Amino acid sequence: MASFNRVMLMGILSRDIELSFLPSGMAVSEFGLAVNDKRKNSEGQWVDDVNFFDITLFGRTAEVASEYLSKGSPIFIEGRLKYDSWEKDGQKRSKVKVIGERMQMIGGRSDGGGNPGGGSVRESAPPPQRYVNTNDNAPPPARDAQPTGGGPGYDEPEIPF
C-alpha cells in the first residue's frame, strides 16, 4: 500500500522563532503557527476555532525565516507530519509536529512599512521570494514541465485513500 504524508498550512506565527544550529552547522528554527477556522456552533452562530501547530524548518529556509519573521507574521508552510515521543520525569510524552519543507512569506510591506496581512516583517526585509537560493551565482532551480488536465502524457496521480 502506498503512503502519503503532506500538509499545507497558512496562519500566523504564535511565538517568535527560535534559531539553533546542529553540530554539523545546519540551522534549525522552531516556532508555533496559529491557524484559524470558522465553524457554526450548536446555536447556529459562527465561532472561531484556533489550532496551534509546532513547526520546524532546516537549513537556509530556517535562517531566512528567523531573519525576516516574528510573532504575528503571516506565513504559508508546506511539509510533512512527524511523530515525536520522549520521556520526561518518568512520564511518556508525544506530539505530532510539522517538518516544513517549503515556506512562503505572505503579504508585503505597505507604504507605512507595516505588513498589510497583519504580520510584522522587518522594514529592511526584501520582498518575499518563491525559493531560497543559497548560492548567489546560481540560477533559480529548473522546474520540469508537467502535463496537466488529462492531455497527452498526463498520468492521474495515485491517491492512497
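A polar contact is a pair of N or O atoms within 3.5 Å. In this predicted model, the side chains of glutamate 78 and arginine 6 make such a contact, at 3.4 Å. Glutamate 78 sits in strand 5, which spans residues 74-88, and it counts as buried because its relative accessibility is 17%, with burial taken as under 20%. Beyond four places in sequence, its neighbours are Arg6, Val7, Met8, Gly100, Glu101 and Arg102.

The salt bridges come to 10 in the count. One of them joins arginine 15 to aspartate 54, with the closest N and O atoms 3.3 Å apart. Here a loop residue between strand 1 and strand 2 is paired with a residue of strand 4, a span of 39 residues. Arginine 15 is partly exposed at 32%, as is aspartate 54 at 25%. Another salt bridge pairs aspartate 84 with lysine 82 at 3.0 Å; aspartate 84 is buried at 18% relative accessibility, whereas lysine 82 is partly exposed at 34%.

Turning to the nonpolar side chains, the largest core contains 20 residues, and those with the most contacts inside it are Phe31, Ile55, Leu57, Leaving aside the rest of the list, Leu69, Ile75, Ile77 and Met103. At least two core residues come from each of strand 1, strand 3, strand 4, helix 1, strand 5 and strand 6. Leucine 57 touches, among others, Phe31, Ala62, Ala65, Ile77 and Met103.

Helix 1 is mostly covered, with seven of its 10 residues buried. These are Gly59, Thr61, Ala62, Val64, Ala65, Ser66 and Tyr68, and they pack against strand 2, strand 3, strand 4 and strand 6.

The average pLDDT is 78, and 66% of the residues score at least 70. Over residues 110-131 the pLDDT stays under 50, and the model has 42 contacts there beyond four places in sequence.

Terms used:
Residues are numbered from 1 along each chain as its sequence is written. This is a predicted model: local features need pLDDT of at least 70, side-chain atom pairs count only at pLDDT 80 or more; totals for chains, interfaces and linings use all residues. Side-chain values use heavy atoms; hydrogens and water are left out. Helices (H or I, at least four residues) and strands (E, at least two) are DSSP runs, numbered from the N terminus. Buried means under 20% relative accessible area, exposed over 50%, partly exposed in between (1.4 Å probe, protein chains only). A polar contact is a pair of N or O atoms within 3.5 Å; within protein, one must be able to donate a hydrogen and the other to accept it, and residues adjacent in sequence count only if both atoms are side-chain atoms. Contact means heavy atoms within 4.5 Å. A nonpolar core is a set of buried Ala, Val, Leu, Ile, Met, Phe, Trp, Tyr and Cys residues joined through side-chain atoms within 4.5 Å. pLDDT is the predictor's confidence in each residue, from 0 to 100. A salt bridge is a side-chain nitrogen of Lys or Arg within 4 Å of a carboxyl oxygen of Asp or Glu.
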